[in-house]
Amino acid sequence: MFCGCVYRAGQHDPIDFSTEGQRPRTEGVHRTRYRQNPKKPRRLTPAEERRLEAAPRDYSDIPPLGKEFFTKATDVWPPTKEQVTVRLDVAVLTWLKAHGRGYQTRLNRILRAAMEGQPSTRARTAGAPKKRTRLGRSI
């Protein structure tokens, strides 16, 4: 058995769904379903803004941040990006674009995951990079 209430538009007397076998009266009921886009949240009404501003905020569960925290704080994300030109196989580019918008971001994430999955290597010290032969061996 379904049990619940729907309010008529502008009134406070609910329509009762708990009566089994009978259809509830639904005249005057206005239902609106919204799908919100998290990237574009709806703007608050002035009444909602006033209510939020008037509501007390409880900061008791947040520890105070000292000067040491701010001296050590760094900005790490998102990392800076550099525009480059890359040559890709047609099949690879088609596959990346087939998954919809954002293929460059997807490519960046794939490369980042591959980079972070590799064991860390020591940074090269001074000197020219090692020459490699056609077989990929160092000289």
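Is Arg112 buried, exposed or partly exposed, and what is its relative accessible area? Arg112 is partly exposed, at 27%. The model is predicted: local features need pLDDT of at least 70 and side-chain atom pairs pLDDT 80 or more, while totals for chains, interfaces and linings use all residues. Residues are numbered from 1 along each chain as its sequence is written, and side-chain values use heavy atoms, without hydrogens and water.

**View 1. Salt bridge between Glu116 and Arg112 in helix α4.** The closest N and O atoms are 3.2 Å apart. The two residues are 4 positions apart in α4, about one turn of the helix (helices are DSSP runs of H or I, at least four residues, numbered from the N terminus). Glu116 is exposed at 55% relative accessibility (buried is under 20%, exposed over 50%, partly exposed in between; 1.4 Å probe, protein chains only).

**View 2. Salt bridge between Glu48 and Arg42.** The structure holds 4 salt bridges, each a side-chain nitrogen of Lys or Arg within 4 Å of a carboxyl oxygen of Asp or Glu. Here the closest N and O atoms are 2.8 Å apart. Glu48 is buried at 18% relative accessibility, whereas Arg42 is exposed at 51%.

**View 3. Salt bridge between Arg57 and Glu53.** The N to O distance is 3.9 Å. Glu53 counts as exposed, with 59% relative accessibility.

**View 4. Positive surface patch of Lys39, Lys81, Arg101 and Arg109.** Patch residues have over 30% relative accessible area and no salt bridge, with like charges joined within 9 Å; Lys and Arg count as positive. Arg101 sits in the loop between α3 (90–98) and α4 (103–117) and is exposed, at 85%.

How values were computed: Patches are made of residues with over 30% relative accessible area and no salt bridge: like charges are joined within 9 Å, nonpolar side chains (Val, Leu, Ile, Met, Phe, Trp, Tyr) within 5 Å. Accessible areas come from the Shrake-Rupley method with a 1.4 Å probe; for residues, only the protein chains shown count as cover. The place of a charge is taken as NZ of Lys, CZ of Arg, CG of Asp or CD of Glu.
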